[in-house]
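Let's walk through a protein model together, one piece at a time. Keep the 3D view open while you read.

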Amino acid sequence: MPELVVQLTRAGFLALLWLFVLAALRVVRSDLYAASGVRTELPPSKRDKKQPKSRGGGGGKQPRQLIVTHGALAGTRIALDDRPILIGRADDSTLVLDDDYASTRHARLSMRGSDWYVEDLGSTNGTYLDRAKVTAPLRVPLGVPIRIGKTVIELRP
Amino acid sequence: MSSPVDTSPGTGSGPTRKLPTRRGTELLMLAFATVIITFALMLVDANQGQELTLSIVWYGLSYLGVFTVAHVAVRYFAPYADPLILPCVALLNGIGLVMIYRIDLASAERAAQQDIAFTPDAPRQVLWTVIALALFLAVLVLIKDHRTLTRYAYTCGLIGFFALALPGLLPASVSEVNGAKVWVRIGPLGLQPGEFAKILLLIFFAAFLVSKRDLFMSAGKRVLGIEWPRPRDLGPIVLATGAALAIFVLLKDLGQALLLFGMVLMLIYVATERAIWIFVGLVPFAAGCVIAYNLFTHVQQRTRNWLDPLATYDEAGGGYQNAQALFGLGTGGVAGTGLGAGRPEMVPLSKTDFIAAAIGEEIGFIGLASVLMVYLILAMRGMRGALAVRDTFGKLLGGGLAFAITMQVFVVVGGVTSLIPMTGMTAPFLSYGGSSLLANYILVALLLRISDAARRPQQGARPRAEQQRTPLSDTGTVMVERPS
């Protein structure tokens with residue numbers, strides 16, 4: 001083979017290898033924004049702000065996500081749909097707490113009609129909505145902190 | 001493990017929303033990998049003065065065909081699996097094959113000059129690849145849900161330890177090759193049970209830690225502002241260290257001991273999220289190193305070879321191998337000599353332990369770095385699957401498997417480049433060797449299974465999961481809807 005071709009193919013092969021790496025990284029990047037098992041802290045992007053508007057007809061502010069404001073999981077968001085949210089140390093909870101003050105099955109948030117209710121599932125240390133201890137299902141307004149052990153969560157639009 | 005788990009993929013969009021499975025991406029990347037490998041084969045043949053024929057294209061197409069079978073299986077049995085894992089594996093395996101073929105050519109030439117019979121290794125490696133892919137399919141088909149593995153945890157552990165110890169118990173004629181007693185050889189067929197034991201033990205440790213996690217979490221005394229674990233919780237770590245040392249003494253295999261110990265430490269760290277365990281583990285590790293150094297001459301030898309390969313160049317078991325590897329890497333330089341234009345056969349064991357040196361010589365630093373990047377992406381995708389999966393066992397197993405790949409690459413490439421003392425270990429997917437290939441394909445099948453479970457929307461997985469769990473989890477705590 002002529003020397004020039006040798007050199008060109010040599011460089012071409014290296015370029016091809018790195019193109020593979022770059023293509024793989026592109027897939028990784030596109031995956032970051034695709035829905036996946038865990039929704040990690042995406043910075044509140046424009047997309048989030050637009051969402052309420054596009055659904056605006058529903059009347060008033062609907063809670064759309066649950067945010068952990070204090071505790072080990074601070075910053076975690078969980079998108080709400082109509083299914084109940086289990087909170088506790090059990091592995092199959094929706095929000096798995098790693099907190100010595102939380103019970104295995106600590107509390108549950110569930111939707112009735114258009115409101116969310118919090119109920120305590122017989123936890124040892126109790127669940128608090130703002131300052132009040134939750135003994136029966138209580139309606140959770142937007143932005144009111146719910147305290148479970150060392151963790152505080154809130155509903156946000 | 002604190003794991004924010006989101007049962008609702010997709011913000012408030014109805015339950016029927018379909019997640020992209022990204023299988024198309026996978027096929028595309030597989031095709032890309034095949035193109036690279038075919039190109040590599042072409043370059044080797046051209047630079048080696050072989051005749052360029054259309055058969056190379058056929059080789060490429062059949063390689064793609066074999067992996068397409070794997071791809072179709074993934075489509076059916078793990079539709080939500082990670083789209084990058086399989087292409088990365090295909091690329092690494094292909095580069096390894098091309099490299100082995102390339103060294104075969106050189107060895108055949110030398111054998112012809114010296115009139116020695118020569119059997120090429122590349123066809124055998126192709127055969128191993130096909131067998132490994134069949135095994136990959138079998139694992140994917142048989143293990144529908146990785147959580148079923150927890151049921152066999154103790155069986156896995158027992159078989160794993162036995163497989164690990166087996167070569168050490170057998171006579172050296174059956175088990176010893178090049179000073180390492182890691183083989184079981186029956187006739188022409190040789191297997192390294194340790195490669196499989198690695199996966200079995202990972203399953204065992206992951207399941208064990210899930211059930212005993214609370215033990216490690218309970219805090220002990222606070223000394224120097226750090227919460228130290230209680231002494232009696234140190235059992236497993238001591239056990240792992242003991243096992244690692246035993247392997248080391250029995251098998252004379254540094255690499256496996258290091259890998260096993262590293263995996264256990266990493267799993268404990270992941271399970272407890274407490275960095276103190278790493279410290280606690282490193283103390284016996286350091287002690288073990290010192291003891292091993294003083295007791296065994298071959299450890300001293302390896303260390304001297306590492307510190308100055310040229311000083312011991314001429315000794316038996318001296319720095320010859322390391323020095324040749326470094327010469328090879330040096331010859332390659334930044335951009336390499338070009339595929340097929342170097343002399344990677346000068347490095348001893350260039351098809352197995354030192355394949356990184358052969359690759360570094362022919363495609364240079366730039367090429368070797370890209371190969372390492374592919375490993376990195378592979379491990380990263382594995383870790384991502386582990387992060388996203390919902391159950392603790394899956395998290396630990398996925399993390400452990402991904403870490404096992406990383407650790408092996410670190411140990412072998414670190415050894416070749418003289419960053420750490422050389423320990424005999426194969427580079428996953430690249431090196432020649434049936435056992436390594438088989439075991440690593442099983443590992444990848446498990447990773448795909450876990451990543452599939454992680455990305456699979458809950459609607460599909462839930463009913464089955466609930467059926468399994470109902471008696472355990474729901475009986476005590478089920479809340480009957482109260483009339484409001």
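Helices (H or I, at least four residues) and strands (E, at least two) are runs assigned by DSSP, numbered from the N terminus. What you have here is a predicted model, in which local features need pLDDT of at least 70 and side-chain atom pairs count only at pLDDT 80 or more, while totals for chains, interfaces and linings use all residues. Residues are numbered from 1 along each chain as its sequence is written, and chains are lettered from A and ligands numbered from 1 in the order in which they are written.

Let's start with chain B, which has 16 helices and 7 strands. Of its 484 residues, 49% count as buried. A residue is called buried if 20 or more other C-beta atoms lie within 10 Å of its own, exposed if 12 or fewer do, and partly exposed in between, with C-beta atoms placed from the backbone. Two residues are in contact if those backbone-placed C-beta atoms lie within 7 Å. Take the contacts in chain B with a separation of 6 or more: 70% of them come from residues 24 or more positions apart.

Now look at helix 14 (residues 392-416) of chain B, where 23 of the 25 residues are buried.

Which residues have the most contacts inside the largest nonpolar core? They are B:Ala206 and B:Leu267, in a core of 139 residues. A nonpolar core is a set of buried Ala, Val, Leu, Ile, Met, Phe, Trp, Tyr and Cys residues joined through C-beta atoms within 7 Å. Leaving out residues up to four places away in sequence, B:Ala206 touches B:Leu267, B:Phe393, B:Leu396, B:Leu397 and B:Gly400. Apart from that core lies another one of 23 residues, including A:Val96 and A:Ile148.

Helix 10 (residues 276-295) of chain B shows you two sides. B:Trp277, B:Gly281 and B:Phe285 are buried in helix 10 of chain B. Seen down the helix axis, the buried residues of helix 10 of chain B fall within an arc of 50° (taken from the directions from the axis to the C-beta atoms), so they line one face. An α-helix has 3.6 residues a turn, so residues three or four places apart point the same way. On the other side of helix 10 of chain B, the exposed residues include B:Phe279, B:Val283 and B:Val290.

Over to chain A, and to its strands. Two strands pair if DSSP finds at least two bridges between them. An open sheet of 6 strands in chain A runs in the order 2-1-11-10-7-8, paired antiparallel. Its edge strands, strand 2 (77-79) and strand 8 (132-133) of chain A, each pair on one side only. Strand 1 (residues 65-70) and strand 11 (residues 151-156) of chain A are joined by 5 bridges, with A:Val68 opposite A:Ile153 in strand 11 of chain A.

Strand 5 (residues 107-112) and strand 6 (residues 115-120) of chain A also pair antiparallel, over 6 bridges. Their hairpin has 2 residues between the strands, and A:Gly113 takes a positive phi near 65° there. Strand 6 of chain A also pairs with strand 9 (residues 138-139) of chain A over 2 bridges.
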